[in-house]
Amino acid sequence: MIESELQDIHLVKSINVDLIQYSKDSEYWEILLLMGFGNPSATQDFYQKLRHDLDRNDWRIPLVDIGEARFLSIIGRHFDSFLQLEKASNTVFSRANYINETIHSEIMSLHSYVFANLNLKISQQTNSLPLLLSGIRLTSLNSFKLAYEYKITIHQVGESYSPISELIEVVEKLKNNQLWVLACMGYRQIGIFFRQRKEYNKAHHYFNLALSMAEDLDLRVTRNQILNAKAYTLFFEGKLEAAEELFAKIRPEGRLDSILPILNENLSLMAKARKDMTRSINHMKDALAVTSELDSVGHLPGECLYLGQAYENHLGDLDQAEHFYRLGYEHSMRYASHGISLTGDRKDVVETYVNFISRKKNAETALKAVPREDNFAFSQGKPWKDIKDIFQHQLICFHAAELTNSKLLAAKLDMPPSTLYSLQDRLKTRGYVLPEKDQNIPPENLDLHDFFIEHQNLTWNEINQIFEREIMHYLYERYGYNKHRLAKVLGLSYPSIIQKTRELTQVNEHFLPN
C-alpha cells in the first residue's frame, strides 16, 4: 500500500517566481506558491476564485489546473487529481497563446512532474518513468532539474538499476540547495529502501535524520509520514509494542487527513499479527471510510481486497466477503474506464471477485443436480471419517435386507470377501451394529435409502466415488463455499479439500460478473 509524500514549497517557489515576471497579477501566484498547503477548503476556494477572475482562455489557466491537481493528490483525492490532470492535458499541450516557448515548456514540465508523482501513488510506476524522463528535458530551472533527478534516482534504486549510495548523493544535493522537504522525504525514502533490504539499523539511521529535520522545520505532515515509515519498520522487525508506541505519536490533522488510511492499514496488520481479526477488520474499515470519501485510488481497492479475504478466510462470512470484493471490483473498473490501469491491488481485487463469483455460480449449478438435502442432512457437523463410516454401514445394511450372507454381498459389490470382512470388523470396533440373520434394519429407515435405490447396481468403488463427490458438493454449500471452514469441520487438510472440491472451483476465464 502506497505511502504518500509531499513536494517542496521551495521548489514550487523557484518555478513560479519565473512565471510571476510574465504576469501583472502577481498576487495570485504568490498565493499559488503554496500549491495546496494550508487549509484544504481555503485552498480549493482559492482555485475557484482564480478561475472566476481569469478569462478561460488565459494562458495561466493550465497552471491553475495543475496546481489544483497537485493539491488534490497531496490530500489523498487521487481520482479527482487524475481527472484534473487529464483535463489540464487538453490545454497544456494544445494551447497556443503562451507568452513564449520557455513558459510553455516549464508548464508542460510541471504537468509531467505532478502526473508522474500521482502515477507512483496509484501503482502506475511504468507510466511514471517516461513522464519524468520527458519532463526533465523541458525545464531550464536548476531546482526543478534536481527534483526530477531525485525522482528518477528513486525509480532506478527501486528497480535495482542503481545503488542506494546514488540516492544518498542526490538527497545531499537537495539539502545543500535548501529544498528541505524533498531532502527530508529523501532521507525517509532511503530508510524505506534499507528496510526492504532488511538493513534495519541503517533504515532507522535515515528515519532519524528525516525526523530531526522535520521537527526542526516544524513540518508536521512530513513528520507523520516519517513516524509511520519508522513504526512500520519496527513492525516489520517483529517489534510490535515499539511499533505501536510510535504509531500512537502520529497526529492526524482533521478527519480526512491522508495519513489516516495508511495509519489504519498498518494498525490492521498489527492486529492481524496478534491474531485479533475483529480488531484488524475494524481498523481496515476505518481506513476504507476515509479512502471512500476521498476516492483514493492508491488505497481503496487494496482495503476492499483485505476485508473480503478476512471475511472469507477467517470469519467464514461469505456475504460480507462478496460485498467487499464487489466494492473493490466496482471502484477498480470505474477507475479503469477513465484510463487508470488494472495493476497492483486493483488487478488483484478484480480477479478475486471474478473467481469468487465463478466458484459460487459453478457450485450452485452443480448442487441443482443433487437434490439430496434430506438424504445428506445427517452429515452436517460431523468429521469426514464419521461420514464415511455412516455411509458404509448403511450401504451394508441396505443390501443385507436382500442378501443372506457376506459372500453374496461381496459378490454384489464386486469386492473381495476378505476386504468386506475387514470392513465389517472395523465398523464393529467403531460401535456400529451390523445386521444379523432375521434382524435386518428396514431399508426405508436409512438416511441414505433413496440414494442407495438410485445406485443399487453399482460396485463398491463406484458408489463410494459418487457419494464422496455429491456429499462434498452438499457440504461445500452448507459451509458457505469456504474451504478453510470445510477442512476444519471435516478434520481434513486444506490441500485435501482443494482436491475434493476441484470441479466446483474450476474458473471459467470467460465469465464476468454483471
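Helices here are DSSP runs of H or I with at least four residues, and they are numbered from the N terminus. Please keep in mind that the model shown in these legends is predicted.

Figure 1. Welcome to the overview, before we zoom in. The protein chain holds 514 residues, and 52% of them are buried. Look also at which parts of the chain meet: among contacts between residues at least 6 apart in sequence, 65% join residues at least 24 apart.

**Figure 2. K198 sits in the loop between α10 (180-196) and α11 (200-216).** Most residues other than glycine have a negative phi. K198 is not a glycine, yet its phi is positive, near 60 degrees. Is K198 buried or exposed? With a relative accessible area of 58%, K198 is exposed.

**Figure 3. D295 belongs to the loop between α15 (277-294) and α16 (300-315).** Here you can find another positive phi: D295 has a value of about 60 degrees, although it is not a glycine. The relative accessibility of D295 is 12%, so this residue counts as buried, the cut-off being under 20%.

**Figure 4. T153 is a residue of helix α8 (residues 142-158).** T153 is buried, since its relative accessible area is 6%. Which residues does T153 touch, leaving aside its neighbours within four places in sequence? Its contacts are E166, L167 and V170.

**Figure 5. Helix α13 (residues 240-247) has buried residues and exposed ones.** Start by finding L240, A243, L246 and F247, the buried residues of this helix. They span an arc of only 125 degrees around the axis, which means that they lie on the same side of α13. Now turn to the other side of the helix, where E241 and E245 are exposed. What covers the buried residues of α13? The cover includes α12 (220-236) and α14 (259-273).

**Figure 6. Helix α20 (residues 384-400) packs with helix α22 (residues 417-429).** Two packed helices are described by the angle between their axes and the distance between the axes. For α20 and α22, the angle is about 120 degrees and the axes are 11 Å apart. That angle makes α20 oblique to α22. The crossing of these helices is left-handed. Where they meet, α20 contributes D389, Q392, H393 and I396, while α22 contributes L420, L423, Q424, R426 and L427. Sorted by class, the contact of α20 with α22 has four nonpolar residues, three polar ones and two charged ones.

**Figure 7. Helix α24 (residues 460-478) crosses helix α25 (residues 483-490) at roughly 115 degrees.** The axes of α24 and α25 come within 9 Å, and the crossing is right-handed. Which residues of α24 take part in the meeting with α25? They are M472, L475, Y476 and R478. Their partners in α25 are K483, R485, L486 and L490. In the contact of α24 with α25, five residues are nonpolar, three are charged and no residue is polar.

Definitions and conventions:
Residues are numbered from 1 along each chain as its sequence is written. This is a predicted model: local features need pLDDT of at least 70, side-chain atom pairs count only at pLDDT 80 or more; totals for chains, interfaces and linings use all residues. Side-chain values use heavy atoms; hydrogens and water are left out. Axes are lines fitted to C-alpha atoms, for helices over the stretch in contact, and angles run from 0 to 180 degrees between N-to-C directions. Helices (H or I, at least four residues) and strands (E, at least two) are DSSP runs, numbered from the N terminus. Angles under 35 degrees count as roughly parallel, over 145 as roughly antiparallel, 65 to 115 as roughly perpendicular and the rest as oblique. A crossing is left-handed if the near helix is turned anticlockwise from the far one by less than a right angle, and right-handed if clockwise. Contact means heavy atoms within 4.5 Å. Ala, Val, Leu, Ile, Met, Phe, Trp, Tyr, Cys and Pro count as nonpolar, Asp, Glu, Lys and Arg as charged, and the others, Gly among them, as polar. Buried means under 20% relative accessible area, exposed over 50%, partly exposed in between (1.4 Å probe, protein chains only). The arc is that of the directions from the helix axis to the C-beta atoms.
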